[in-house]
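Subject: Model handover

Hello,

Here is the model for you to look over. My notes follow below it.

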Amino acid sequence: MPQPPVSDALDSLNPEQRLAVEHFEGPALVLAGAGSGKTRVLTTRVAHLVHHHGVPPDRILAVTFTNKAAGEMRERIGRLLGGEPRGMWVGTFHALGARMLRRHAPLLGWDRAFTIFDAEQSLRQVKRTLESLDVDPKRYNPKAVRAMMSGAKNQLVSPARFREDHEEGFDLFARTVARVYPAYQAALKEQNAFDFDDLLVKPVELLQNHTEVGDQYRNRFAFVLVDEYQDTNHAQFRFLQLVAEGHGNLMVVGDDDQSIYGWRGADLRNILDFESTWPGATVVRLEQNYRSTAVILEAANEVIAQNVQRKGKTLRTDRVGGERITRVECFDENDEAAVVVDEIAKRYEEGPALHNYRDFAILYRTNAQSRALEDAFRRKGVPYQIVGGVRFYERREIQDVMGYLRLLSNPLDEDAFHRVVNYPRRGIGGTSVKRLQEAASAEGLGLLEAAARATSLDGVPTGGARALEAFARLVSTWSARAATVRVGPLLEELVEELDLYRHLEDEGPEGEDRIDNVRELIAGALDFDAELLDELDPDEIDAFSELDLFLQRVALVADVDRLDADADTVTLMTLHNAKGLEFPMVFITGLEDGLFPLSRAYDEPAEMEEERRLFYVGITRARDVLQLCHARQRRRAGEFMYGRLSPFVEAVPEDLLLSRLSRRLDSSGHRSSTPHRRRRPRFDADDGGGYVSDDTFDTSSYNQDSPRYVKGERVLHDTFGSGTVKEVTGFGKDTKVTVDFDDVGRKRLLVRYANLEKDWTL
């Protein structure tokens, strides 16, 4: 009988990878540098556990951070084993949490057919809750309220505990959230719904408070593997602890240098303190990089070495040399976009190394930066795709169709009811819905249940009541069909019944695009039929409705899951969305101080280190070629901001850089609207006369608020006396200087208020 491919896979590993794969029992931390083959290690370890140690696949739990990664892991393990690892649980924390809740929701007071509210649905519920408590949404921003509740949930702080901690505090906003949080959570329960954070919190509640559930999963999953461990928050940490504490066979794979989600609750201490949390843990460092050139890796190592909060490792590669990193100084964001598109067009035409548009990626710090880039791509006729732009499942027509499916699955979903009750139009006006809502509240009924008996309720207009009852019958009929018809055909038939295509055609040219999107949704539902059974345990197939599972899959899809890697288009995305990906050539744009790093990072060392890790992530996405772009001025929030080169770029050794001006700057000489250089520019003869930019500008020609100070120069302050400038950060009216004063020590000052003068006494 031939050996499965797992045997050959072991032989192809480097010594450190093999050490991680062959680790059997006990906790283990694998510090996996960028491009070090961590996915290969994870998949080969699972296959080794099954093939060599005889561990049944259903005793293994593997946690990833994207659905795409989960699918790839399952597929690769199947190839290594020569067959599907049936019974193994592989998925994201949220997907695994939802799967667990589908089984045990009744223990918490929810029905198994619960709805998962996405970000927009959750936000609408926050607004409704604010209004029900007579709290003005204009004074208390619903997004900020939701963010504070989300932070509490990720720290496993319950509504009751949050109210106890804050209802009498001095922070007025927190006091308000202390009222909203319990009411919001009660509203979710009334609608048989969970939000995203609940998919992390509620499984912990199950494992922690229901002994039989905790024992069931601890006994079942003898081996737990976790990818991207550096991005876990407290709720995820506790989930893993509760599942793995019995046997201790927890292997986490991560890179502290790529921890970039602190702003959404990720705790770097989870990976830094792993050895103290799990005594006796084996630690393996994967430092051999199989992705990037030596030039790119040296730059990355130099940049990240400036961080203090890290385990420490140095990436190495066998790819000696490589093209030097290009740094281009541009006039503004439009000039920057033109530089990027021209470079892509040139390299694409020259080939052969970069002969596909999908070989190129453009990364930026904020989504707003994509506008100028999109304009340039359209003008040039270069195809592109944006990851993290308008999301497919957030498009109006998709939300409308999904609203029907959500209501068929969960008749208590009020958000879905409001969305589709009069779409397509069926004569149900706002007054009828308002009166129905009042009557439903008075009678203690759900909206759909009230609609089914609308003609017998007081206050509901007669015409609207008849239409509401017809709508309720429609939902009831299709809900019954959903129990017997697969989700793909069900969706096709429902769209036809609603005559949705005709209604969309009436919208003109835009309607055609909307029709195509609905057809794409149906295609996805039809594909879902074929893959559904592979991921379920036998006892789950009858317990879950296919419609429930389809809605769950849609709710949990992430931006990066929708990246079409096969499309021959240039990819545009934020640096956060780029983690885990790689491209032959990468552009990092917007490298101005105050934009990257963001100005607020200077107020907190931990934030600055996270910004630097984000830059490190960007650098290490590049396989062969890396270009860094920054602009002298950039329009932000309607105003032109004038800036200097990001200090992160200054950490890249000069001998790795080829610096030049954009064509617009290089061909225009000294423009009256651009800053004058303090020193004469020098040329590097080794690079054909390429311009080497000096980052110090005389910005007095911009405006009076622009910075005029450079690191190391002496200044005078009316109160603090003489001092030396140690750091200049931000730009425009937000420029700050850090000064070491001779008599009073270090001070951080806002330039526009400091009234500093040059100290010419030395």
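This is a predicted model: local features need pLDDT of at least 70, side-chain atom pairs count only at pLDDT 80 or more; totals for chains, interfaces and linings use all residues.

**Cores**

In the largest nonpolar core, which has 55 residues, the members that touch the most others are Leu405, Phe417, Leu468, Phe471 and Phe550. A nonpolar core here is a set of buried Ala, Val, Leu, Ile, Met, Phe, Trp, Tyr and Cys residues joined through side-chain atoms within 4.5 Å. Buried means under 20% relative accessible area, with a 1.4 Å probe and protein chains only. Helix α22 (residues 462-482) gives this core its largest share, nine residues. Phe471 touches Tyr404, Leu407, Phe417, Val420, Val421, Arg426, Ile428 and Leu448, leaving out residues up to four places away in sequence. Contact means heavy atoms within 4.5 Å.

Residues are numbered from 1 along each chain as its sequence is written, and side-chain values use heavy atoms, with hydrogens and water left out.

**Helix α22**

α22 has 21 residues. From first C-alpha to last, α22 reaches 30 Å, close to the 30 Å expected at 1.5 Å a residue; the expected span is 1.5 Å times one less than the number of residues. Helices (H or I, at least four residues) and strands (E, at least two) are DSSP runs, numbered from the N terminus. Buried residues of α22 include Leu468, Glu469, Phe471 and Trp478. What do the buried residues of α22 pack against? Their partners are α18 (396-409), α19 (414-420), α20 (430-443), α21 (447-452), α23 (487-497) and α27 (546-556).

**The six-stranded sheet**

Six strands make an open sheet, in the order β3-β2-β6-β7-β1-β8, with parallel pairing. Two strands pair if DSSP finds at least two bridges between them. β3 (89-92) and β8 (282-286) are the edge strands, each with a single partner, so one side of each has no neighbour in the sheet. On average, neighbouring strands are turned by 15° against each other, direction ignored. Axes are lines fitted to C-alpha atoms, for helices over the stretch in contact, and angles run from 0 to 180 degrees between N-to-C directions.

β2 (residues 60-64) pairs with β3 in the parallel sense over four bridges. Ala62 has Val90 in β3 as its bridge partner. α4 packs on the sheet and touches β2 and β3. The direction of α4 makes about 155° with that of β3. Helix α12 (residues 234-244) lies across β2, β6 (223-226) and β7 (250-254), at about 160° to β6.

**Helix α4**

α4 covers residues 67-81. Its buried residues are Ala70, Met73, Arg74, Ile77, Gly78, Leu80 and Leu81. Seen down the axis of α4, these fall within an arc of 165°, so they line one face of the helix. The arc is that of the directions from the helix axis to the C-beta atoms. Just after α4, Gly82 takes a positive phi of about 75°.

**Strand β12**

Is β12 (residues 570-574) enclosed or open? Five of its five residues are buried, so β12 is largely enclosed by the rest of the structure. Val570, Leu572 and Thr574 point one way, and Thr571 and Met573 the other. β10 (residues 360-364) runs parallel to β12, joined by four bridges. Ala361 stands opposite Thr571. β11 (residues 384-387) also pairs with β12 in the parallel sense, over four bridges. Here Val387 stands opposite Met573.

Best wishes

Conventions:
Buried means under 20% relative accessible area, exposed over 50%, partly exposed in between (1.4 Å probe, protein chains only).
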